[in-house]
Amino acid sequence: SLLVLCVAISLLAASSSLAARKQFNIGTGFIGSSMHAMGTVLAKHMQQNLRMRVTARPYVGPSAFLPLINNGELAMGLSSMSEAQAAYNGIDTDPKKDVRAVARLFAMPFAFIVRKDSDIKNISDLKGKKVVLDFAAAAAMTAMTQTMLDAGGVRRNDVEAVTVSGVAQGVEAVVEGNADAAPASVSMAAIRQADATAGIRVLNLMADGYEERLGSTALASLRASVVGEGTYPGIETETRIFAMDIFLVVPKSLEVEDVNKILDVLHGSWEDMQKEFTGFNGFSPTEFVHSSQTVPYHAAAIDYFKSERSPAKWDEAAEARNQNLLDVWK
């Protein structure tokens, strides 16, 4: 009957299933960022495998699109765990209780950069300097930058804080001489461009007690990482920088079938994606379950890992971590 047909059509329109959409978007960082480069590769493989239009949609940062994921308006996004943590817990914002993790994909390399003609070599040398510290459009970056300074034994009142809108603008400030140092993902295109334009140096984290200071920070997903000479632009010798774990996140409301499809694509296309996004090199699906999570995993992802369809293991430690995060909003 006409009534039955109308009900069926309305139910289909209301479905949150990817199958009911003609296309879906992946929230990423701004164009030129590592996050957007990764999102573009991810979108390509999702489109090929899901046989629907998939687009990497750029935003200033995760804080701009996590509310859309929480509400189910955006199917997925790429977020650092510090920004997901701030959103989930409602730090300086309304809590986004329905953001869920699907997989930890890689650790993004972060560091302070300076011009190559500067005499600054270590984070501890930043005292008295003009440092990009505050980000108007990315509050979580401000907290992360302060944590990076803290690790090097430098306090906020030790530097002259410079405010910019986003990470790319901070890099520009250094290149143009309006700031002595700025934090950035050293794998992003803007860093390669800055190195080609002005020449840059990546600062070393050389400071006694940095492990304890990083261990006591609220940013559980920021940790020290040693990279070899030439790994990234501006790395002149073996250098200790920072790493920030990046997860694929989705709405709690995303259907089981869709989470399974996403994980199938990630596992099946991983080797091809590594060739297209070098940031994935050195990482594997065994690490899709990771201790740096700051939001709960989607229930369907947990079942996927338990079913042994993935080399990632959902063990007692993962269960305990996840339950503690769910208990935040009990």
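A cavity here is a set of grid points where a 1.4 Å probe fits but cannot get out. Its volume is the space filled by probe spheres set on those points. Keep in mind that this is a predicted model.

By that definition, the structure holds one cavity of 30 Å³ or more. The largest cavity contains about 260 Å³ of space. Its lining is made up of 23 residues. Met-35, Glu-83, Phe-110, Met-141 and Val-167 lie nearest the centre. Several elements give two or more residues to this lining: helices H2 (34-50), H4 (81-89) and H5 (139-151), along with strands S4 (99-115) and S10 (239-251). H5 gives the most, with three residues.

Now turn to the rings. The structure holds twelve aromatic pairs. A pair of aromatic rings is described by the distance of the centres and the angle of the planes. Take Trp-270 and Phe-280. Their centres are 4.5 Å apart, with 35° between the planes. Planes under 30 degrees apart count as stacked and over 60 as edge-to-face, so this pair is tilted.

Trp-270 sits in helix H9 (residues 256-276), while Phe-280 is in the loop between H9 and helix H10 (299-306), so the pair ties together parts that are ten residues apart in sequence. Trp-270 and Phe-280 are both buried. They also belong to a cluster.

Definitions and conventions. Residues numbered from 1 in each chain as written. Predicted model: local features only at pLDDT ≥ 70, side-chain atom pairs only at ≥ 80, totals over all residues. Heavy atoms only, no water. 1 Å grid on protein atoms, 1.4 Å probe; cavity = no way out; pocket = protein on both sides within 12 Å on 5 of 7 lines; lining within 4 Å. Helix = DSSP H or I, 4+ residues; strand = E, 2+ residues; numbered from the N terminus. Phe/Tyr/Trp six-rings, centres within 6.5 Å; stacked < 30°, edge-to-face > 60°. Buried < 20%, exposed > 50% of the residue type's maximum accessible area, 1.4 Å probe, protein only.
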